[in-house]
Amino acid sequence: MAIQYYQNLSDDVKGIFKLDTPNTSYVIGVVDEEKFLGHIYYGQRLNDYHLAHVLRIQEGPFVPSKNNRDRVSFLDSFPMEYPAGGLGDYRESCIGIETKGGNMGLALNYVSHKIIPGKPELCGLPSSFGKEDACNSLEILCEDPHTGFRAALLYTVFEDVDMITRSVRLINDGKEELFVTKVFSSCLDMDNHDFEAISLHGSWARERHIQKVPVSHGKLSIESIRGESSHQDHPFMALASKGTDQEHGEVYAMHFVYSGNFKVSAQSDQFDQIRMVMGIHPEGFKWKLMPGEEFQAPEVVMTYSSEGLGRMTRSFHDFYRNHLIRGEYKDKKRPILINNWEATYFEFDTDKLIAIAKQASELGIEMLVMDDGWFGNRCDDNRALGDWTVNEEKLRGGLKYLVDEVNKLGMKFGIWFEPEMISPDSDLCRAHPDWAIAIPGKEGSLCRNQYVLDLTRREVLDHTYESVAKILRSANIEYVKWDMNRQLSDIGSAFLPPEQMGELYHRYVLAVYELQRRMMEEFPYLLLENCSGGGARFDPGMLYYSPQIWCSDDTDAIERLIIQEGTAMIYPLSTIGAHVSDCPNHTVGRTTPFKTRGHVALAGTFGYELDVTKIPEEDREMIPEQVAMYHKYNDLVREGDYYRLASYHENHFYDCYGVVSKDQKEALYTFVQVLNRPNHHSRRIYFKGLDPDKRYRIEGEEEVYSGDVLMKAGYLIRNMWGDYKSRLIHLMEA
Ligand code: DGJ
């Protein structure tokens, strides 16, 4: 049984919950007469539950029933499982409320619990899932005796992977309305292990660069108040003990299954304890809860690794592949697509698209994706968002004609939408000027000359859904790229009453989830790729609806090494939208070999984003080879275990990573020599993830090597002439 409860262990310790995953244990205590919930342990799996001594409740300050004189000292030092603020715990709290009388202090202590086979769904929210024999859940009900306010803490432990998920349901069981001003989903109170915080930082075209900083006294927080998870920061943090690398060190990581405002922080306190919390960002958040009403907070996914970052990465990959990603394409190879954005931008028509499709189909490409510019008066990015009717001046003969022609070439057809937006210059805005998010009576701030639709209004949401669905019903469309090209601002709604304006950010995210849920229910065969001005909404929330997400608008192979390294630190390669594009690269102006562009895109979904009728002949000739490469390796790339061997981001010269099949019979490593080094003959790399007892043949070589030797003594990669060169090394069991 993965969840156990042990009762009445001592005068002070009323109960202990022990949650076990294959290699980790998580322990919570119910302490003292008031039944405080204390966090006792998270780490390597334990074979016993007698560990309440580490709570320090025998040291001063003693528990309140023995020393109420120093109650505040107790509250401010006790490792809380779900800390509430306002009564004497001065560290970052997880929950804030404001009662009708304006009071804010809160204590959430244990009332009861239940252990549930499987995992309940979270109403209206994306969340991980597992069958009854694959996971167990624990719900701990806590209550503030003063207000009757309750919180149900939900934990799920999985049998097959070292993951624990957490979420919180708030219940107003009192007699009066109140406001929730803050709700985080997860907290870890631990002793400091001299941690470094690892996070993913970025910007447009520079998403998810790995950042490591020491955690010192004070608070370090990573957050977004942009209405989406954002290019700039990512809803992820890992605390890693000093010296952690891919194989060694302790890592505690949290990742948020949510696509809106978030905050994750690590605070080192006066006693060198550390508190890590994660949840919806409290800024701009205020949720009215009437008596009897509930609020469901989103889920946090947590993992602990005692074997460095590599183990953490592989746990996330397995977990997302098996317990979050859904649908038709969950475990399937994706069609190789060609997208016309970098090929044509807004300058295209039916003939141009058919010419691209024709040439592409001859080279083995399997799907044409028509990007931005096919609807309304959308001749550039200044207008027409919201007018989801086909522009027949561009698409002569209509959409169905184009799709049929593409299908006749043996290709699938995909289409781009940006459903959440409205351009001031659009028929939609002229008809409904109050449908945009804006402070009533004040002109909103433009971004890319567009506003965000107020999807919290039912009529706006329904209209938006119907506009998209109508197009999807009109032709054989098998893929959708769902874009979002600006972040939220001017938070206000012509629909929400003033006391609920603080609900807009979260209601907006729920509305996006509802739209995508409806779309996937009506069109379950669709391959959905989420996107947000590149990778600004690459998060586990969106992954629940789409098995792949466009990773970045920066398609330069070298920039992508850094972006994809950060992304792959958490996300399976099968989720990372990656294309071969034309050079000089449209974002950075760099020219890289076509071969290298293919190798780098292979560590993602793989596709093309170029005018295949115009690229140099020698590049075009390489496409059938790359198509064959994709078909040969994609099962391995999608399903294998990922290992990071070297990081160009760290060493500034070369990058190396690999995927190894679960049975360790096959492996594929990619080596990119970013900068050639004069007077340098070869680099020795040490493969990872192989079976030391197996013997492997490297494709193209006669010699057979032992896995042990390849991992311990390494393998030499000969220097390649020139910069930006790459090589695949394919190993098969001999
Ligand atoms: C941003 C996306 O990331 C691009 O790929 C492209 O679809 C443009 N939007 C279109 O406006």
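Which residues of the largest nonpolar core touch the most other members?

Reply: The model is predicted: local features need pLDDT of at least 70 and side-chain atom pairs count only at pLDDT 80 or more, while totals for chains, interfaces and linings use all residues. Residues are numbered from 1 along each chain as its sequence is written, and side-chain values use heavy atoms, without hydrogens or water.

Trp-374, Ile-415 and Met-519 touch the most other members of the largest nonpolar core, which holds 197 residues. Such a core joins buried Ala, Val, Leu, Ile, Met, Phe, Trp, Tyr and Cys residues through side-chain atoms within 4.5 Å, buried being under 20% relative accessible area (1.4 Å probe, protein chains only). Helix H8, spanning residues 504–522, gives the most to this core, with ten residues; helices are DSSP runs of H or I with at least four residues, and strands are E runs of at least two, numbered from the N terminus.

Leaving aside residues up to four places away in sequence, Ile-415 touches several residues, among them Val-369, Trp-374, Leu-399, Ile-471 and Tyr-479 (contact means heavy atoms within 4.5 Å). A second, separate core of 21 residues includes Tyr-669, Phe-671, Phe-687 and Tyr-715.

As for the surroundings, the domain assignment, automatic or from a database, gives domain 1 (3–323), domain 2 (337–550) and domain 3 (645–733). Seven residues from domain 1 and four residues from domain 3 form the contact between these two. Three salt bridges cross that interface, a salt bridge being a side-chain nitrogen of Lys or Arg within 4 Å of a carboxyl oxygen of Asp or Glu. On the side of domain 1 that touches domain 3, strand S12 (209–214) and helix H2 (308–323) each supply at least two residues, and the largest share, three residues, comes from S12.

Technical notes
Buried means under 20% relative accessible area, exposed over 50%, partly exposed in between (1.4 Å probe, protein chains only).
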